Amino acid sequence: MARYAMVIDLEACVGCAACAVACVLENEVPPGHQRLWIRERELGRFPELTVEYRPEQCLHCERPPCVPVCPTGASYKSEDGLVLVRAERCIACGACIAACPYDARFMNPAGYVDKCTFCAHRVREGREPACVETCPTGCRVFGDLDDPESPIHAALERARRVDVLKPEQGTAPKLFYLNTPARTGLRDTGKEVDA
Amino acid sequence: MKLSRRRFLTLSAASVGAITQVGRARAVRPPWAVPRKWYEGEVRTVLSYCENCFWKCGIAVRVEGGKVRKIDGQKDNPKSRGRLCPRGQAGVAQLYDPDRLKRPLIRVEGSERGEGKYREASWEEALDYVAERMLKIKEQYGPEAVAWFGHGSGDTWFVEYLPAAWGSPNAAKPAVSICTAPRETASQWTFGRPIGGHEPVDWTESRYIVLIGHHIGEDTHNTQLQDFSEALRRGAKLVVVDPRFSTAASKAHRWLPIKPGTDLALLLAWIHVLIKENLYDRDYVQKYTVGFEQLAVHSNKHTPEWAEKITEIPAGTIHAVAREMAAAAPRAVLPPGRHTVWYGDDTQRMRAVYILNALLGNYGMPGGFYLAKPPYLEKYPHPPFPLEPAAGGCSGSSGGEEEVPEGFKPRADKGKFFAKTTAIQELIEPMITGEPYPIRGLVCYGTNLFHSIPNVLRTKEALKKLNLYVAIDVLPMEHVMWADVILPECTYLERYDDLVAIAHKTPFIELRQPAVEPLWDTKPGWWIARELGLRLGLEKYFPWKNIEDYLDTRLQLIGSSLEEMKQKGTLVQRGRPYLKGWERRRRNPFGTPSGKIELYSQTFAEHGLAPLPDYTPPMPVPEGFYRLLYGRSPVHSFAKTQNNWVLMELKGTNEVWLNRAEGKRLGLAQGEYVWLENDAGVREGPVRVRLTERIRRDCVYLVHGFGHKGRGLRLAYGRGASDNALQTRYLLDPISGGAALHNNFVKIVPGAPRPKLKRIGQLARERRL
Amino acid sequence: MTTFYGLPNAEPFWHWTTPVHFALVALAGGTAFYVALRALRKDPSARRLAWLALAFIALDLLMLWAESPARFRLTHLWLFLSFKPSAPIWWGAWGLAASALLLLLLALGARGERLWAGLLALSSAVVLLYPGYALAVNAARPLWDHLLLALFPATGLLLALGLLAWLRPAAEVAPWLQVAALVSLILTVLYPLALRFGNAAQQTAFAQWLEGAGTFAAATVLLAVAAIWARKNPYLAGGCAIVATVLLRSWIVEAGQHTLLTHGF
């Protein structure tokens, strides 16, 4: 079947958070929790600076650590490569939240664990996830890695650099970050300046 | 929300389907079932345009179960193109904000303005109250004694239609003198054309873009951000001139951390290099401009070395950028920006920007400025107004002398500056002093008086003196709770409004129609305007019975109809974006006195104004203070979204950006709470300090719109600091009437207490309808 | 510096009820294990003790159900309708259920006592093992190191034995208490060393551990006291064992949830 993945070009992303808001409305995300958030990192010293805007959400890993730990099989990986939660089976034990290296999951007050679903309900109808559809900079591309016609391949090939979060965890994420300014934009490789 | 969505399945006989889950009863949902999501229901789409900033993107509103669930962009709309910014998406939360104004309110007899004591009233009583007192003012002082302030789509009713019918020239929009006035006035007198609400920059065709303090990516005007991103993707080079490393700067190939207030020197140096090194477009200048000789002579002294000392940008960089610009010309552009009221010489700075663009030969050419054409749209055939509306707007006409008809007074700020549009901040003094004549009444539509006009204390003093102050708004902003009568308008998702006409490459018309019925006892602006108009004896200007009649008539006049527009949402027409197209039709696009682009402005010279821009230093920063700079966050619009829970969850407060080295010198820790005190002794805060490398040492920066003091705004109240409260000083631009706001200075006072506020998520849950 | 629009879901996901559960489940599993041991030695008092173990299990299950956001959804059924041996909590559910059944059989004096006791030893071992497994399985949280697979069963059993020292004849429990305390003591000392001299992730965890060094110091002292005085003063030893194990287990569960917001690249 399919193997859905997403690509975000960090050279284009301005951190406007249109994606984060679209997600809240599309997926009825309850207040106090986020399926999708933006991380803004400042690197360097005045005047040699770089700022990286990075949207973060569930990465729909190929080897998701949140799936084996679920005692009821509520957390599962679908045939089209999406990591989802069968809310009807969730006992809200939180084991999957503990297992996720990316802080992607949260407890929905309705009594089940929730997170980004790559808008499975839209994707299976041939539409794009809400975050991809609304992005004003066009930095998000969604596609099927198993489909040679998918635009995601062109996006990956065009990129000067492809990164994933925490590769050492061995999760094989399917959300790829392209051209991260943290690596490509810095003239003076300064470390993150933190107080 | 969860409770209202909980549905017990009731299956009708016809819709029996096999249900496969184990143990699931037909008529009752099992306990482990989760609430249904909105997209599983029946969704209908209503096309309209957004109101969350003034870009007015076409939107597609998704309605399910009688409620608005989501707002998307409109695929065929040239502004949104199917995409939408965060504030547009979050409009749903504004619609269902439980803190909204619900019923007309009348201030309790005997109470003070600002005390907040109100009683509920019917629309009849409230409107009668307003009309009675307005007619009394008219009788005693004349119609000009009522000022009309407004911003938003409804401002067509309250700043154009009604004031013109009523006979008051004192109608003003903050979008003019607190925002675009300098760039509009300069454009009018350089190109003879407005810039307009939709800046006509041909981004995607450009190869070299220079932004002067333009906060793209933070001010998030949808289309502009889309085009800007596309331009960069196509390989355009970007230079950003800004004392702060903005989001745009993070995408730039060069960031010029210019000393605040010296942009004009930099622009003049670039003009100098282009002329001296013969890098300007000779053919273009010869064919389309006048005044080059005077400009060349004037430009002699503006060397990059001279500019280096002023701007703190190396002369080598100035040279290099000028040469790069010229190499990319005519696909090299300096976009005009939008909020240009900075230092008081802003019209001249904008003139320099336009002169530079003209020297690059890009005005009316691909990759530069295109020629925006307004769409063909007829006005509603009402009897002629006694007065022409003088408020202007994003594309307000700002040239020439105004004619004052017999029996009417000129606007109260006439003579204070050259342009002919009103300057909202100049209409406050007459309310206090009665000079040149008294203004005794104010109708304030959707204008945040305490978060936009500088010198808030003066505004409050003026409000106290009025005979009548009426506020028409959606939320209980602080200034709203000072009014004598509060008329609650419903949000844009619950109403029709006038058609919007966008001048563009492909000019278009947008319709607003309601997606749901107005909540509580709120009414649309058009209805309020009409009801008020009838009571003020202006029936003849309201021959239309309702808004559908008004809109349909206008649309029929251009061969369309309301029914058609409701289906389409947007009507796109043909444009004429480049000079070639105009020349083919033997039409001259330049509405200047000379018929050409005026590098040297004869008109300015005749009025005692500098015909060519020259640099004057800004007010110096006092010892121990920092210049207060401000800007936007992409998740907020002005001071209107800080009660929107979705947006506040993303950014719930502003912080004061301070250079890290400065912070260290003052002994401040990251995230510490401080007060900001300006040089007039006004204090704001507590506000968190953001120590950052992204700003120069001589200035601080705040995102505009926080520091709300209206207690009715349960999410917004008490978070962050208000830049506007600290803007007690403004310099009046003698040409455009703009109120320059960058000459306010603050010092950091440590030791402020941490505000005891609940978390946004918690408040949002507690407040749920 | 790093700022956010919105925030990652980095808040604690297990609240005060979880350390309470860890204590209760240790009492349940430890007591059940002890019951199994006594029953295998044909001790008639094992029957009474079985009721105590059963009570602990019931209390633990009640508490788990009551604090779950999904309590009225009856989804806990799925624990027994699915086969997920990769999930520690699945093992815990079956371990507790099987132990409860076996304890009931023992308490009611059903025939085949040796069989039930043998099986109970296995199922209660599962109950003792699964909490450590539930923590250690999370590779993303290096403070929950693989050593917990040993530390948690040891301290779990010790907690139960500490309580039993007060309820049972001293001579009976004391030897077991001493061994358990000694093993726990060794593992408690090994734990920070394993972190300090481990890989990069473990060393970051060591920095986190340092914040709880005081707690660990106190616990180590108490464990030493328990080990040394187990035979001479089982009451003192039992009390120290209880306090030490509760401190250790609660701190580890609580602290391990706070991710250090590392960026990932």
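Of the 195 residues that make up chain A, 63% count as buried. This description rests on a predicted model.

Chain A has six helices and 10 strands in its secondary structure. The C-alpha trace of chain A extends about 55 × 45 × 30 Å along its principal axes. The radius of gyration of chain A is 17 Å, which agrees with the value near 16 Å that a compact globule of 195 residues would have. Where contacts in chain A link residues at least 6 apart in sequence, 59% of them join residues at least 24 apart.

Chain A also touches chain C: 49 residues of chain A are in contact with 37 residues of chain C. On the chain A side, strand E2 (37-45), helix H2 (95-99) and strand E6 (106-108) each supply at least two residues. E2(A) provides the largest share of that side, six residues. By class, the side of chain A that touches chain C holds 28 nonpolar, nine polar and 12 charged residues.

Two packed helices are described by the angle between their axes and the distance between the axes.

| Helix pair | Axis distance | Angle | Handedness of crossing |
|---|---|---|---|
| H4(C) and H5(C) | within 8 Å | roughly 150° | left-handed |
| H11(B) and H12(B) | 8 Å | about 120° | right-handed |

In chain C, helix H4 (residues 88-107) and helix H5 (residues 113-136) have axes that cross at roughly 150°. Because angles over 145 degrees count as roughly antiparallel, H4(C) is roughly antiparallel to H5(C). Residues of H4(C) in this contact include C:Pro88, C:Trp91, C:Gly95 and C:Leu106, and those of H5(C) include C:Glu113, C:Trp116, C:Tyr130 and C:Ala134. By class, the contact of H4(C) with H5(C) comprises 18 nonpolar, five polar and one charged residues.

In chain B, helix H11 (residues 304-311) packs with helix H12 (residues 315-328) at an angle of about 120°. H11(B) and H12(B) are therefore oblique to each other. From H11(B), the contact is made by B:Pro304, B:Glu305, B:Ala307 and B:Glu308, and from H12(B) by B:Ala315, B:Ile318 and B:His319. By class, these residues are four nonpolar, one polar and two charged.

Methods: Residues numbered from 1 in each chain as written. Chains lettered and ligands numbered in written order. Predicted model: local features only at pLDDT ≥ 70, side-chain atom pairs only at ≥ 80, totals over all residues. Helix = DSSP H or I, 4+ residues; strand = E, 2+ residues; numbered from the N terminus. Rg over C-alpha atoms; globule rule 2.2 N^0.38 Å. Buried ≥ 20, exposed ≤ 12 C-beta atoms within 10 Å, placed from the backbone. Contact = placed C-beta atoms within 7 Å. Axes fitted to C-alpha atoms, helices over the stretch in contact; angles between N-to-C directions. Parallel < 35°, antiparallel > 145°, perpendicular 65-115°, else oblique. Left-handed = near helix turned anticlockwise from the far one by under 90°. Nonpolar A, V, L, I, M, F, W, Y, C, P; charged D, E, K, R; others polar.
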